Amino acid sequence: MKIAVANGDGIGPEIMEAVIGVFKAAELPLEYQFVDMGKWVFDKGFSNGMTPEAKATIEQLGILFKGPMETPKGKGVKSVNVTARKTWNTYANERHFQTLSGVNTVFSKAGVNVDLTIVRENIEDTYGGVEHMLTQDVAVARRFITRGGSEQVIRYAFEMAQKKGAKRITCGHKANIMKLTDGLFLEVFNEIAKEYKDIKADDIIVDDLCMKLVSRPDLFDVIVLTNLQGDIVSDLCAGLVGGLGFAPSSNIGDHISIFEAVHGTAPDIAGKNIANPTSLLLSGLNMLRHLGLMSKAAMIENALLYTLESGVHTGDFGDKSIPSLNTTQFAQAIIDNFGKQPKVNAKPSLNDFEFVPTNSKITTNPMLLGKKKEEHAIAGADFFIESELQADAIAEIANKHETADLKLLIISNRGTQVWPTGSVYTNLVNQFRLRFEAGENASIAQQDVISLYSTLSKDFQISSVEVLNMWGGKKAYSLAQGQ
Ligand code: NAI
């Protein structure tokens, strides 16, 4: 099997060399094709941080094993890590957090075993970076949660949970506040859960999840979350097991998957051969298991666990009374321990399976379509306007633009209603939402929204308009107070 390998920047080449050394010593049936990606490729003038040859190789091979990469500072430059994950639609970010002997944490000292996996949605949410300044004082970000995107990641989480024999899968969310976005994610989770009867599926509000993770992490098994919440919660979990240096990461897609360490390029120690290769090695072990090399992965992981258990460590962790090893020596210690079993958390040697690559050539972009469309209607529109007037004064002007079909229903500021009722204690910013709706069960045409836009624009600077959709007679927008 051939895989693409990108060394990365900073400590990347050192830790990659150490890990590939371990893989070669284990006589894995792998061929490594090195590709050009990272800061130095940006510096050569390739704006996405990779050469066209690198992109073609990765798309052909379907597997990328990568070291950390530096994002050059400055506007208009996107992180090569994020670009890679988004371009190739690696929709599921899987990170496994386990107590490692020899890596002391408050939990290991208390005898609490951590062994949990976070699956984070990797493409959507606010990570689309679709942001606008509506006024000079007001910035907004669009948060995309889609049925198709949620289905992909949640189904992956259930499949993975089933394969590893997990007993419980938990959906973390904030659907109590974000009823449509997180509500959709939770709805899809509950639908898919019905197909996996052997796994206990439950959900938890994300703030409660954080509290429970730092008090009883041993209660959790697999947790699936939206992108931003998953980003934060997974770094919280890295802290539970000793930091980012011990947390592997897989980015799984249907055609291309990326395996990488989650820490950065550590410029402060680059070139010194003292970096800890554990996170990259654990990510590499995820890759071996993805490729069906289960027994070799277990053998290498047991050697790593045995090595850590023996007190062997690099300079960034471990018992300071035992001299630390450099990167090369640490990798050699693991090789020397091939065949040894750790006392705690030894990995079973599961059956190998044949990896069937799914990186078949596709010629059009896949379209993720959800359930059948119900009858569509427009109930009205929210107009976002810039103004420094009080709400009553805005209403007086806006009321003049009401039509027979569209009536001004509410005005809100930062989502808080300020007209027809409100409180003088509500602080205002210079951006208001005017909600115009047709009457109960009535609908309007797109042209009515455009006409209203045209007349309102005579009195207001309009920064944005959002159509109020209905499907199957149901309102598909968040309701205002009292609505
Ligand atoms: P960092 O993770 O590179 O460093 C934070 C601290 O952890 C430093 O003190 C560093 O020496 C230490 N550290 C990190 N990895 C280590 C290892 N394997 N062994 C021993 N010590 C280690 O985070 P920072 O400084 O915020 O970012 C540096 C650069 O890395 C930035 O350009 C950033 O864009 C990039 N980065 C890349 C990522 C990726 O490729 N996936 C992820 C995070 C940051």
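**Around the ligand**

Author: Happy to! Let's start with Asp268, where a polar side-chain atom lies 2.8 Å from an oxygen atom of the ligand. That is a polar contact, meaning a pair of N or O atoms within 3.5 Å. Please keep in mind that this is a predicted model, in which local features need pLDDT of at least 70 and side-chain atom pairs count only at pLDDT 80 or more, while totals for chains, interfaces and linings use all residues. Residues are numbered from 1 along each chain as its sequence is written, and side-chain values use heavy atoms, with hydrogens and water left out.

The backbone takes part as well: a polar backbone atom of Asn276 sits 2.9 Å from a nitrogen atom of the ligand. His263 contributes through its side chain, with an N or O atom 3.3 Å from a ligand nitrogen. As for cover, the ligand taken alone exposes 820 Å², and the protein buries 64% of that (accessible areas by the Shrake-Rupley method with a 1.4 Å probe).

Now for the wider shell. There are 20 residues around the ligand, and those that come nearest are Met69, Gly264, Ala266, Asp268 and Asn276; a residue is near if one of its heavy atoms lies within 4 Å. Sorted by class, the shell holds nine nonpolar, six polar and five charged residues. In this scheme Ala, Val, Leu, Ile, Met, Phe, Trp, Tyr, Cys and Pro are nonpolar, Asp, Glu, Lys and Arg are charged, and the others, Gly among them, are polar.

How values were computed. Polar contact = N/O pair within 3.5 Å; in protein donor to acceptor, adjacent residues only side chain to side chain.
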